[in-house]
Amino acid sequence: MNDTNCRVDDYTGTAVDETKEVGQFIPLHYHFQMLMDQVRMTGFRAAIQQVVKPGATVLELGSGTGILSFYAAEKARKVYSVEFNGELVEMSRRTLLGNPNGDRVEVIHGDAFTYLPPEPVDAVICEMLHVGLLREKQLQVIESFKQRYMAKFPGQRMPEFIPTATLQAFQPVQYDFTFEGYTAAVPVFQDPTQADVRATGLGNFMVYQQLLYEKPYETACRYNGEISISHKGTLNALRFVTKNLLAIKPDLTTIDWHNQYLIMPLEHPISVVPGQSITINFDYESGAPLSSLRPVIAAVDLKKFSAA
């Protein structure tokens with residue numbers, strides 16, 4: 001193991017090769033940019049205020065700059081804030097102490113896959129979220145936590161999770177992959193709050209995964225089935241949407257946050273018309289790189305389409 005990529009886990013005391021922990025080591029400047037995402041910040045703050053009760057004990061897995069732990073500390077008695085990136089650990093420790101209630105947050109330099117708090121907690125915050133649940137290991141981290149938590153604190157009620165659920169969907173689209181005269185069919189990210197004039201929806205969104213973090217779930221993300229085309233065009237991409245239900249209010253409405261949409265190009269585009277059925281297949285493991293998402297499509301039914 002290369003010493004420059006090695007650190008000692010505060011919790012287990014063992015050496016960890018950071019180069020093998022894909023999805024847990026996000027560059028520092030990316031975390032700084034997330035602080036500028038007002039939709040993300042206001043959504044999580046509202047959810048944390050909803051879930052965390054006065055005097056509560058909270059755990060955050062993968063705490064980054066410490067902003068979500070800071071929100072929790074507005075009400076909580078104690079917040080255990082676990083972060084893998086040593087630079088972020090030092091930065092968040094320093095920054096939290098300069099903010100109100102920062103002394104309620106204990107920042108631990110540790111691995112979210114192995115850390116457990118010394119006492120039961122009322123809520124767990126985990127935002128290792130990427131569109132498609134790719135790249136970051138949200139599902140594996142939470143499932144691992146649940147199993148280890150129940151073993152350490154048998155009989156204890158499972159804490160509430162923020163987010164509480166995730167819903168994933170995709171849409172068939174025609175996308176203009178020409179950029180100032182240069183054509184490149186590459187994955188493209190789209191701001192969920194802004195219309196993308198390059199994208200033309202060719203059918204409705206299809207939900208392919210719904211999960212509650214408090215319940216057992218699979219870490220694989222897959223779809224194999226038919227969708228119906230509603231508009232004429234060239235099906236050359238799928239638009240992937242990941243909607244996170246951060247918390248449920250007493251009136252049963254939800255506090256939601258969307259990751260950026262992902263436009264994933266198809267290897268073999270096809271012309272489609274209204275009424276046509278298309279078979280779509282993909283199967284990838286959550287936390288895997290973008291390249292693992294390789295949708296395969298095929299035309300199924302050419303008998304029911306309407307006249308162009």
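D256 and K243 make a salt bridge, with their closest N and O atoms 3.6 Å apart (the cut-off is a Lys or Arg side-chain nitrogen within 4 Å of an Asp or Glu carboxyl oxygen). D256 sits in strand β16 (residues 254-258) and K243 in strand β15 (residues 233-248), so the contact ties together parts 13 residues apart in sequence. Helices (H or I, at least four residues) and strands (E, at least two) are DSSP runs, numbered from the N terminus.

Keep in mind that this is a predicted model: local features need pLDDT of at least 70, side-chain atom pairs count only at pLDDT 80 or more, and totals for chains, interfaces and linings use all residues. Residues are numbered from 1 along each chain as its sequence is written, and side-chain values use heavy atoms, leaving out hydrogens and water.

**Salt bridges**
- The structure holds nine salt bridges.
- E106 pairs with K78 at 3.0 Å between the closest N and O atoms; E106 is in strand β5 (residues 105-109) and K78 in strand β4, so this pair links parts 28 residues apart in sequence.
- R93 and E90 also pair, at 3.4 Å, and both lie in helix α4 (residues 86-97), about one turn apart.
- E218, R222 and D283 form a salt-bridge network.

**Strand β3**
- β3 runs parallel to β4 (residues 78-83), joined by five bridges (pairing takes at least two DSSP bridges), and L59 stands opposite Y80.
- β3 also pairs in parallel with β6 (residues 123-126) over four bridges, where L61 partners C126.
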